[in-house]
Amino acid sequence: GTGQEALRWILMEALGRSAVPLLGLISGWLVASSARSRQWLPFVRRKARSILLPMVLWNALAILLVSGTAWLWSLPAPVPSSWEWVAQELFILTRNPDINVQMPFLRDLFLCMVVAPLLVRLPAVALLALAGLAGVAHVVGLGPPLLMRASILCFFLLGMVAWRWGWADRVATWPFWIAATPFALLMPMRLALALALQWGPPQDHVAVAAVDLLSRVAAALFFWRLAWALAPTRAGAAFRRIEPYAFFLFCAHLILIWLGGPLIGQIVGRMGSPLYPLFLLLQPVLILLAVVPMALALNLLSPRAAALLSGGRLGRR
């Protein structure tokens, strides 16, 4: 209802959650372009080291730091209630975790990598058909417990098709307004449906999920084109300098929000206070300012640990 609530929704839904489809698309695009993806055992071993192992290690750190702080100093955060809870938080077996809520992406991405050596041998039409089936599964709510989000498989397969048919290179040559138009049209529709779900009469959840999936594909298209536009600029050079820390940031940011959010909240106040919008807008910068020194220090003290926690992106003195 309020302007701050609308700002929060736009930052989370229109921008924040648009990252997952683009990450899935890029992952499929890179796998399809690599000859090494056809060798199943070496390929899966590498992906277990760069995706699965960091996921488990960061989930363990989340339990230790977040639940430990909750137990010692009454932080309002989840604490272990059983060994089954610990196993679910560590390995994301059949449900989404309570602390590191972004980690199901890595779980599902690793499962996509397990079948990728088979997928790369299929014709592009078959990949497109499988992507359609995965999209339908997401819309009707199928997936768990095998895949937490069937949409990730859909984006992964679309990325493979994008490489086969040269979509990525073509999009990079489009006028910017063409790539931005689907995003500009679908996100207001997505916002209207979200408002209708909250305050209006009962809605068709299948239709809402379908629009949501289409809006995320449109967002991926928009941000892909935006990345190409930024690449030759000074901003692109700045992003490339922080790129080695991106995986570390992705894995660490929820832990930092759990631990630092309440402290910063005492300064800026809750939603509705004058400083709250500034806090929302600066959150990525604040997390980055915390993550880079942490990663640099870890890289200096233990390059091996830095390599493990960054999926191999760090680890050099």
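## Overall fold

The protein has 14 helices and zero strands, where helices (H or I, at least four residues) and strands (E, at least two) are DSSP runs numbered from the N terminus. Read from the N terminus on, its elements run α-α-α-α-α-α-α-α-α-α-α-α-α-α. This is a predicted model, in which local features need pLDDT of at least 70 and side-chain atom pairs count only at pLDDT 80 or more, while totals for chains, interfaces and linings use all residues. Residues are numbered from 1 along each chain as its sequence is written, and side-chain values use heavy atoms, with hydrogens and water left out.

## Size and burial

With 317 residues, a compact globule would have a radius of gyration near 20 Å, and the protein agrees with its 20 Å. That radius is taken over C-alpha atoms, and the globule rule is 2.2 Å times the number of residues to the power 0.38. The C-alpha trace spans about 55 × 50 × 45 Å along the principal axes.

Of the 317 residues, 40% count as buried (under 20% relative accessible area; exposed is over 50%, partly exposed in between, with a 1.4 Å probe and protein chains only). Among contacts (heavy atoms within 4.5 Å) between residues at least 6 apart in sequence, 74% join residues at least 24 apart.

## Helix α2 against helix α10

Let us turn to two helix pairs. The axes of α2 (residues 19-33) and α10 (residues 205-230) come within 8 Å and cross at roughly 70 degrees. That makes α2 roughly perpendicular to α10. Axes here are lines fitted to C-alpha atoms over the stretch in contact, and angles run from 0 to 180 degrees between N-to-C directions; 65 to 115 degrees counts as roughly perpendicular, under 35 as roughly parallel, over 145 as roughly antiparallel and the rest as oblique.

On the α2 side, Pro-21, Leu-22, Leu-25 and Ile-26 meet Arg-216, Ala-220, Phe-223 and Trp-224 of α10. By class, this contact has seven nonpolar, no polar and one charged residues (Ala, Val, Leu, Ile, Met, Phe, Trp, Tyr, Cys and Pro count as nonpolar, Asp, Glu, Lys and Arg as charged, and the others, Gly among them, as polar).

## Helix α3 against helix α4

Helices α3 (residues 40-73) and α4 (residues 83-91) pack at about 130 degrees, their axes 7 Å apart. That makes α3 oblique to α4. Met-55, Val-56, Asn-59, Ala-60, Ile-63 and Ser-67 of α3 make the contact with Trp-85, Val-86, Glu-89, Leu-90 and Phe-91 of α4. Its classes are eight nonpolar, two polar and one charged residues.

## A look at Gly-272

Gly-272 sits in the loop between α12 (246-268) and α13 (276-301), and Gly-272 is exposed, with a relative accessible area of 57%.
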